[in-house]
Amino acid sequence: MSDANEPTGAAGPDAGTTGAGTAGGPAAATGAAGSAGAAGAAGVGAPSGAALANDPAGAPDPADPAGSAPGRRVRVVLVDDHRMFRTGVQAEIGQTERTGVEVVGEAADVDQAVTVITATRPEVVLLDVHLPGGGGVEVLRRCSPLMADAEQPVRFLALSVSDAAEDVIGVIRGGARGYVTKTITGTDLVDSVFRVQDGDAVFSPRLAGFVLDAFASTDAPPVDEDLDRLTQREREVLRLIARGYAYKEIAKQLFISVKTVESHVSAVLRKLQLSNRHELTRWATARRLV
């Protein structure tokens, strides 16, 4: 269901909750967590198909951020490799007159994302963690000059099915201002987008704990420079190889071709200066990546 070759356009949401203050409402934490660094990245995710049943599109919502700030607007780009999910987000939050959110573009992979974000310069990018071409972390790396622009910064909010600690820490290290899961409601997602536009850091409640633990820990493991050389997709392939998967099995699980798997394995071996998959397995096992 991946749309890696799909042209750019506009899109749509799924469900999730951010927390602080009120039960089920978004949690915004301002400060270092949005831009500080910690360790880890990787993991595999599948898109949610939920339709935000508790937040029907079209009906005015008294809790809608647009209702409390008439006339306020935020320009958003949607980055997710599943077209149906993007369409859902577009339908749910992209009704500009009601929500204040204007979806100005969409992308299905890393290259498309960088192109669309650079061309449109949105205030906020809703970014999936797992994307063809290197994942959300690679998008953040290539868009770092846009994030650093003092006059017109582009801010990123991760929106993913994954709630793995390494995924959360990975994108926060990369510069994302927050991370919410695809169980979020449309109303909370709109609120989170506006908070990120204001410079707040926003997390789903459980995920905020990962960030606090990572940055509060005095015995946090140092950054693994060898692992950091790998793209997110290369890390996914590395883990599956280390677990004994055949190339065909990896291709099926990641929805890529066997030839692409071979290319990723070659890149991993080259970057880590290893000779074969047996050495790669020992390397991954020693770092408890399996």
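This is a predicted model: local features need pLDDT of at least 70, side-chain atom pairs count only at pLDDT 80 or more; totals for chains, interfaces and linings use all residues.
Arg141 forms a salt bridge with Glu138, and their closest N and O atoms are 2.6 Å apart. An α-helix has 3.6 residues a turn, so residues three or four places apart point the same way. Side chains of opposite charge can pair when their charged atoms come close.

Arg141 counts as exposed, because its relative accessibility is 53% and the limit for exposed is over 50%. Glu138 is buried, because its relative accessible area is 15% and buried means under 20%.

Which residues of H5 are buried? They are Gly135, Gly136, Glu138, Val139 and Leu140.

A second salt bridge lies within another helix. Asp191 pairs with Arg195, with 2.7 Å between the closest N and O atoms. Both residues belong to helix H8 (residues 186-197). They are 4 residues apart, again about one turn of the helix. Asp191 is buried, with a relative accessible area of 18%. Arg195 is partly exposed, at 27%. Elsewhere, salt bridges that share partners join Asp80, Asp128 and Lys182 into one network.

How many salt bridges are there by this rule? The count comes to 11. One of them is between the side chains of Arg73 and Glu97, at 3.5 Å from N to O. This pair links distant parts of the chain, for its residues are 24 apart. Arg73 is in the loop between helix H1 (65-68) and strand S3, while Glu97 is in helix H3. Arg73 is partly exposed, with a relative accessible area of 35%. Glu97 counts as exposed, at 71% relative accessibility.

Helix H3 spans residues 96-99, and Thr96 lies in it. The side chain of Thr96 reaches the backbone oxygen of Val101 at 2.9 Å. Setting aside residues up to four places away in sequence, Thr96 touches Arg73, Val101 and Glu102.

Next, follow the chain into strand S3. This strand runs over residues 74-79. Is S3 mostly covered or mostly open? It is mostly covered, with 5 of its 6 residues buried. S3 pairs with two strands. With strand S4 (residues 101-107) it pairs in the parallel sense, over 6 bridges. With strand S5 (residues 124-127) it also runs parallel, joined by 4 bridges. Leu78 shows both pairings. It stands opposite Glu106 in S4, and it stands opposite Leu126 in S5. In a regular strand the side chains alternate between the two faces of the sheet.

A search of the whole structure finds 1 cavity of 30 Å³ or more. About 50 Å³ of space lies in the largest cavity. Its lining has 11 residues, and those nearest its centre are Val79, Asp80, Phe85, Leu126 and Leu159. Which elements give two or more residues to this lining? They are S3, helix H2 (83-93) and S5. H2 gives the largest share, 3 residues. Two names here have come up before. Leu126 stands opposite Leu78, and Asp80 belongs to the salt-bridge network with Asp128 and Lys182.

The last stop is further along the chain. Leu227 has its place in helix H10 (residues 225-228). Leu227 is buried, with a relative accessible area of 12%. What does Leu227 contact, leaving aside its neighbours within four places in sequence? The contacts are Arg235, Leu238, Trp283 and Leu289. Arg287 is 60 residues from Leu227 along the chain, and their C-alpha atoms are separated by 9.5 Å.

How values were computed:
Residues are numbered from 1 along each chain as its sequence is written. Side-chain values use heavy atoms; hydrogens and water are left out. Buried means under 20% relative accessible area, exposed over 50%, partly exposed in between (1.4 Å probe, protein chains only). Two strands pair if DSSP finds at least two bridges between them. A polar contact is a pair of N or O atoms within 3.5 Å; within protein, one must be able to donate a hydrogen and the other to accept it, and residues adjacent in sequence count only if both atoms are side-chain atoms. Contact means heavy atoms within 4.5 Å. A salt bridge is a side-chain nitrogen of Lys or Arg within 4 Å of a carboxyl oxygen of Asp or Glu. On a 1 Å grid over the protein atoms alone, a cavity is a set of points where a 1.4 Å probe fits but cannot get out, and a pocket is an open set with protein on both sides within 12 Å along at least five of seven lines; lining residues have an atom within 4 Å of a point. Grid points are joined across faces, edges and corners, and a volume is the space filled by probe spheres set on the points.
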